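Hello,

Here is the structure I promised to pass on. Have a look at it first, and my notes follow below.

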There are 2 protein chains.
Amino acid sequence: MEFFFKPKGIAIIGASANSTKGGHVILNNVMKSFNGDVYPVNPRYSDINGKKCYSSVLQVPDPVDLAIIFVPAAFVPAVLQECAQRGIRGAMIESGGFAESGEQGKQLQESIIAIHKETGIRVWGPNCMGLVDAVEGLVFSFMFPAVWETGLDPGNVSLVVQSGMLSAGFLIDIMTHGIMGISKACSIGNKADVDECDILEYLIDDADTGVIGLYLESIPNGRRFVGLCRRAEKPIVVLRGGKSQKGAEAALSHTASLAGDGALISGALAQVGVVEAHDFKQMMDLCRTLADYPEVALNDNRRIAVLTMSGAAGIVSSDFMEEHDLAVAELSAGTTKALTEIFPGWMPVANPVDLWPAVELHGAEKAYIKAFEAVCHDPEVDAVLIHSFVGGSTSLSEMSNLMEMAGRAAKPTFGWVMGKRKDVHGLQVQAKELGLPVFGELYRAVECMAAVLSRNKLPDHGDSGISLTETTGAEENLNKLLMDARGTLDEYRSKRILRLCNFPVVEEKIISSVREAKEIAGEFGFPVVLKGLLAGEIHKTELGLVRTDISAVEDVESTLFELQKIMSGKGSLLIQKQVQGYPELIAGLIRDPQFGPCVMCGFGGIFTEIFVDRVFAVAPINRDEALALIKRLKTQKLLDGFRGFAAVDRDVLADILVRIGQLGLAYPQIKEIDVNPLIVRNGLPVAVDAAIIVD
Amino acid sequence: MEFFFKPKGIAIIGASANSTKGGHVILNNVMKSFNGDVYPVNPRYSDINGKKCYSSVLQVPDPVDLAIIFVPAAFVPAVLQECAQRGIRGAMIESGGFAESGEQGKQLQESIIAIHKETGIRVWGPNCMGLVDAVEGLVFSFMFPAVWETGLDPGNVSLVVQSGMLSAGFLIDIMTHGIMGISKACSIGNKADVDECDILEYLIDDADTGVIGLYLESIPNGRRFVGLCRRAEKPIVVLRGGKSQKGAEAALSHTASLAGDGALISGALAQVGVVEAHDFKQMMDLCRTLADYPEVALNDNRRIAVLTMSGAAGIVSSDFMEEHDLAVAELSAGTTKALTEIFPGWMPVANPVDLWPAVELHGAEKAYIKAFEAVCHDPEVDAVLIHSFVGGSTSLSEMSNLMEMAGRAAKPTFGWVMGKRKDVHGLQVQAKELGLPVFGELYRAVECMAAVLSRNKLPDHGDSGISLTETTGAEENLNKLLMDARGTLDEYRSKRILRLCNFPVVEEKIISSVREAKEIAGEFGFPVVLKGLLAGEIHKTELGLVRTDISAVEDVESTLFELQKIMSGKGSLLIQKQVQGYPELIAGLIRDPQFGPCVMCGFGGIFTEIFVDRVFAVAPINRDEALALIKRLKTQKLLDGFRGFAAVDRDVLADILVRIGQLGLAYPQIKEIDVNPLIVRNGLPVAVDAAIIVD
């Protein structure tokens, strides 16, 4: 990928002398920003503004390893073929009119992909705005010079966006606001070849990149993506477009992207520590905050001291903090004492610390600095949120001194500022230079603070140390059971497979006579369950083939007769010990087209169709990852011993999830595993019904 | 209240010659801003900057109807007494050191209240920043002149805030941003006498006020508050501080406010159409948006056309719109045709309308204006969201022309803009003048758009037309049952009361013998339920006094013996027909200290302790209001016939809720009604268990 970011020479194919054309703007931008050789290519000109123009890329001399292509879509395949022929290693196709624009465009994009595959030339785009590198000062894009005329604002946030506008209009927004420095902004468009994974891989090792922010409408190579995120030690922020039905439809027409399963993608991203953004500017605020505080938290403490000049803002901050699982720090005695010294006598010290009375006594600067010193040295405080006000009674310079101090402090500090528009912006810009994120919206400040403090070390991804089968002959049996299986396996067969993988499974037996059924019922103890199994039938309950609460021997016989009647001699009969417990869980495996085999865990039962609480992780996962997965369920309360039920044994549940992932990886023919319900009896989950679908 | 807002003459008690003191600033502000007579009062001066100063308010000549008091807290009661003696009608006490600052302060505040009650003088504050009226140009506050030195920005949004900072620092923020005009900003502090209700009542009839925004840490007179909101035809936006536990604690120390029951307050506010804000600037954005579009929507249609230059922003807008129950409009044929004309041939027309290719062909102005015209005339479109970009390729003036057009359009139009910081702000300011809300954050734009389009006409609050009791003698019986009742009534007695109020109640009977029980069981049909009732005992289940699923005559006898054993001869025995159905609801009455009798409705069962879904309304409510209340339950799906269960008969449920409210209003001794469960059987709710608590 080096030739895209650090090319030796660039051919601009479609360079134009007409200053209103993109081909002119690209040439201009590249000539202004790139120190190496630049070669305009356009058969219509012999020179452009005095610079020699080549009629074909084949004529371009060495060194040239990158071509930027901006010709009508229909001409792109021929031009690309020539680039490959000329030995150019990468082509950035910025023209539109491909997969995003109907059948003809789709075919053109297919031709491009074919050329890439045939010749090995890497293709960036089409339908994109290429690359801007603010650190190196490179603009390989048709964005208007006005976008960067005031100078690029270098920093360490790199962006990967699947949107032209975001890489142009948004860059000008970011740069004129001056509160977030950019390293590389990569507009990748339709991703015919080079995709977010290729760029991500490059950026992970890029010394100029500290934080990576991505806007994506699809993650087709989800498995590779999460692998890269896991490897990255840099914070990664992702904004996904197309989470709603209408949004997904629009994404399909925008960049021909298939949005995929939202909950599964969110799960995969959370698994590898990706921060999810939900709006554009919020994404930038998350990125710049994480650029200031890129380290993961060493512990789970998130105790915040809030310094404010407004009781109301302190209260609302507390409300927001609770929402984000941040604690209002209990200040230690030393801090309380130090604060008492600056407060008037009647003033009780409490966190949030309302500094207004102290400001009245000592002025804003002294009051804030004393208070900040005190809370910063407090071992009960992990981070500080400062509310400040500039303009009017409090000057920008007073607050600047505070910010300078905060920038040197050992504890992460976040600012919220209101007041005079000019001064608010001035303070934000100053604070940025000091490595301090300052926000204009209070909620945003708390949200970004939470993003920093919630970034914990990922569980180690090492081997689980669990072998899928443990007993002698189990693996062989498993192979046999799965070898000629096709379609939806009945629950007995599905659970035999699970049992071979050391799953806790309900006691059950296929029965061949009423006598046997009565005997087994006696062994299991009442109540028992009787089920009729028909090959491929998944609507057992609806057909009346599931009979629970059978409490007496005489009911066994009558129920069996009823089942046999429904089944008219087909299928087989199953007797089960009836498992009673709480909660009802579900677990399973989904083979996602984008993320491959993924483990799922959630709550079952009728209510959960409405209050859906399910989590996902890309397989394989080890025990620690499975425990982390379980912790991501929203309804932790139900797992911790609700209403007198025993707490769920998380280790046992984790083991089950690890094995589900292993089973999916070991047998690619397994399309889906669905354990439902997985009933928790005295804290231990037991698979009561299951279906394995084999392709 | 007129004397606070339009005084004839003002005494400034505590006026100071020392320019660093609040007493000086107030005097200065009032003298600069107020055209009537101003009288400084301070025994230490004979004049202040040449203006005659009085040693006591008793010396102040006519006309004087308002006093602004800024003396140390300890002196306030004496000064206030003198004001009353002098015949002054209102006192604005801006000093702090009262209920917010410990025991002594609380006592001082009590003295103030006593003087108000004794003399009738109205008291605004203490611990507040008084009033700023940007339309009349009045500043009755110690805010520093810098706050308004650049001029007040008149508009029609009035603010009522329980926070000094919000009425000072925030005002400067609002005014220097220049995108929201202010009418009156009222800082009401500790609300010793004048509270949000008094101000709200005034503002509802104030011709200069179009929208009212309130920041509140408590609503002690909740009943009056909702009554006023119902009467107001103006949009009202409320931001509540102290929703979290820590936030509520901080509110108690800030303005001695008791936050109250959050879900109940939210319910009461929703009932009367109040828009709830969650952050300060977001509240202002909601206010300014509603100031531009104060009319309630005439229908439920919320179909939006999105014009954008960024496919990505269109997609993310769709995602946000789904979140806010707004629809992506299906454009009609005429609109599609008009758009096709400006698009390149390959471009399919879809909403969100990505105008970029049209902008490339025709320039931004023409493309936007043509597209805006088309969607505005589309009968399938109710509102328009325009994404714009300023700076770079698109100039501010091009976008300004579009905004001017949008300002005149018949359909509500909302803007999101990004680009050059200066131009973004410029466009927002211009759009404000045109009556068009434009936002810098996309989510905020959609949120504010949703607030406008979700404001429907409130259901009529007229009499329900339902009489609480219908049968002869029922009212007499009801009076008798409630006359000497005390404490928690047992379920039989509670349900007798409900039955007299025409509640659907489970079939049940107190039994005196095993023989009778068997007879009744035969009448009811099996299964039946047997319960042991002990006076005042509310933990029946835990004591083993509830026996369900009794399916045979022989079990009636054995169960009765078991119950009698537990009860050791005390209490009574109840037999019930067992009601089976879905869902399980709960309904009830809560007598809230702030909002009085409130009706509650929600989902019951074990899961709902975790997934709480309950709604509240201040009683009385009529049938339409009850239906609206039911519609506010989050889980509508469970009511509409889930999993083959019949849909809940909403009219019957509404009737029940109306009657619960009536019962609470008719009998003030009823402290609480708790119907749990209210099981829905074949669509009809039946009260299966109930407890009425009487004081």
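Before the details, a word on terms: buried means under 20% relative accessible area, exposed over 50%, and partly exposed in between, with a 1.4 Å probe and protein chains only. Helices (H or I, at least four residues) and strands (E, at least two) are DSSP runs, numbered from the N terminus. This is a predicted model, in which local features need pLDDT of at least 70 and side-chain atom pairs count only at pLDDT 80 or more, while totals for chains, interfaces and linings use all residues. Residues are numbered from 1 along each chain as its sequence is written, chains are lettered from A and ligands numbered from 1 in the order in which they are written, and side-chain values use heavy atoms, with hydrogens and water left out.

Chain A as a whole

Chain A has 24 helices and 31 strands, and its C-alpha trace spans about 100 × 85 × 40 Å along the principal axes. Of its 695 residues, 60% count as buried. Taking contact to mean heavy atoms within 4.5 Å, 71% of the contacts in chain A between residues at least 6 apart in sequence join residues at least 24 apart.

Helix 7 of chain A

In helix 7 (residues 222-231) of chain A, the buried residues are Gly222(A), Phe225(A), Val226(A), Leu228(A) and Cys229(A). They lie on the same side of the helix, because their arc around the axis is only 160 degrees; the arc is that of the directions from the helix axis to the C-beta atoms. Their cover includes helix 6 (196-204), strand 12 (211-216) and strand 28 (614-618) of chain A.

Ser318(A)

Ser318(A) sits in helix 11 (residues 311-323) of chain A. With a relative accessible area of 1%, Ser318(A) is buried. Leaving out residues up to four places away in sequence, Ser318(A) touches Val328(A) and Pro352(A), and also Ser244(B), Lys246(B) and Gly247(B).

Helix 4 (residues 103-119) of chain B has 17 residues, which at 1.5 Å a residue should span 24 Å; the end C-alpha atoms are 25 Å apart, which agrees. The expected span is 1.5 Å times one less than the number of residues. Buried in helix 4 of chain B are Gly105(B), Leu108(B), Gln109(B), Ile112(B), Ile113(B), Ile115(B) and His116(B). These cover an arc of only 155 degrees around the axis, so they are on the same side of the helix. On the other side, Glu103(B), Gln104(B), Glu110(B), Lys117(B) and Glu118(B) are exposed. The buried residues pack against helix 3 (76-86), strand 6 (90-93) and strand 7 (122-124) of chain B. Just after helix 4 of chain B comes Gly120(B), with a positive phi of about 85 degrees.

For helix 15 (residues 364-376) of chain B, the 13 residues should span 18 Å at 1.5 Å a residue, and the end C-alpha atoms are 18 Å apart, which agrees. Its buried residues include Tyr368(B), Phe372(B), Val375(B) and Cys376(B). Among the elements that cover the buried residues of helix 15 of chain B are helix 13 (333-342), strand 18 (383-390) and helix 16 (396-408) of chain B.

Do tell me what you make of it.

Best wishes
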